[in-house]
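User: I'm new to this one and would like to learn how to read it. Could you walk me through a few features?

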Amino acid sequence: TGNAHGLAHVPRCLMSNIYAEPRDWKQEELIEETRNGIYVQGVIRAQSTPVEGLFMIQPESTTIIHNGKLQETVRGARVTGRAQESLRAIDGIGNRLIMRATVEKEFNISDGAPPIRTTHSLRIQ
């Protein structure tokens, strides 16, 4: 498909840029409008199992939302859920694009997304 890249080593297929388009919610509104939930910032590690449709995210930080307010921080959390159900249940997308650049498997990659709220149940491990 033409997405392999690598100059100093054997080219490998790997997407290099992933972005989600911002919408109209302010980040504060997303939190205030959430009765009970989790607030995840940044990603240390993410993986999925396409056959089962599951995903796991190890966030940089995880905070519990209770009655529209950020409460306690959960250390070392891993957030898991069903990808398709979580994507279908998105009901709020923030207006600020948060971007990051990193290196994965010796390749430069970048990604970006605004704050996103889903009403699908996610689990913290």
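This is a predicted model: local features need pLDDT of at least 70, side-chain atom pairs count only at pLDDT 80 or more; totals for chains, interfaces and linings use all residues.

User: Let's start with Ile-31: is it buried or exposed?

Analyst: Buried means under 20% relative accessible area. Ile-31 comes in at 12% relative accessibility, so it counts as buried. You'll find this residue in helix H1, which covers residues 27-32.

User: Which residues is Ile-31 in contact with, leaving aside its neighbours within four places in sequence?

Analyst: Those are Tyr-39, Ile-65, Gly-68 and Leu-70. Take Leu-70: it sits 39 residues from Ile-31 along the chain, yet their C-alpha atoms are separated by 7.5 Å.

User: Now the strands. How many bridges link S9 and S10?

Analyst: Seven, and the pairing is antiparallel. S9 spans 98-104, while S10 runs over residues 107-113. Together the two strands make a hairpin with two residues between them, and in the turn Lys-105 has a positive phi of about 50 degrees.

User: And how do side chains sit along a strand like that?

Analyst: In a regular strand they alternate between the two faces of the sheet.

User: Which residues make the nonpolar surface patch?

Analyst: Tyr-19, Leu-97 and Met-99 do, and the patch is about 290 Å². Leu-97 belongs to the loop between strands S8 (90-93) and S9. With 33% relative accessibility, Leu-97 counts as partly exposed, because that class lies between the 20% and 50% cut-offs.

Definitions and conventions: Residues are numbered from 1 along each chain as its sequence is written. Side-chain values use heavy atoms; hydrogens and water are left out. Patches are made of residues with over 30% relative accessible area and no salt bridge: like charges are joined within 9 Å, nonpolar side chains (Val, Leu, Ile, Met, Phe, Trp, Tyr) within 5 Å. Accessible areas come from the Shrake-Rupley method with a 1.4 Å probe; for residues, only the protein chains shown count as cover. A salt bridge is a side-chain nitrogen of Lys or Arg within 4 Å of a carboxyl oxygen of Asp or Glu. Helices (H or I, at least four residues) and strands (E, at least two) are DSSP runs, numbered from the N terminus. Buried means under 20% relative accessible area, exposed over 50%, partly exposed in between (1.4 Å probe, protein chains only). Contact means heavy atoms within 4.5 Å. Two strands pair if DSSP finds at least two bridges between them.
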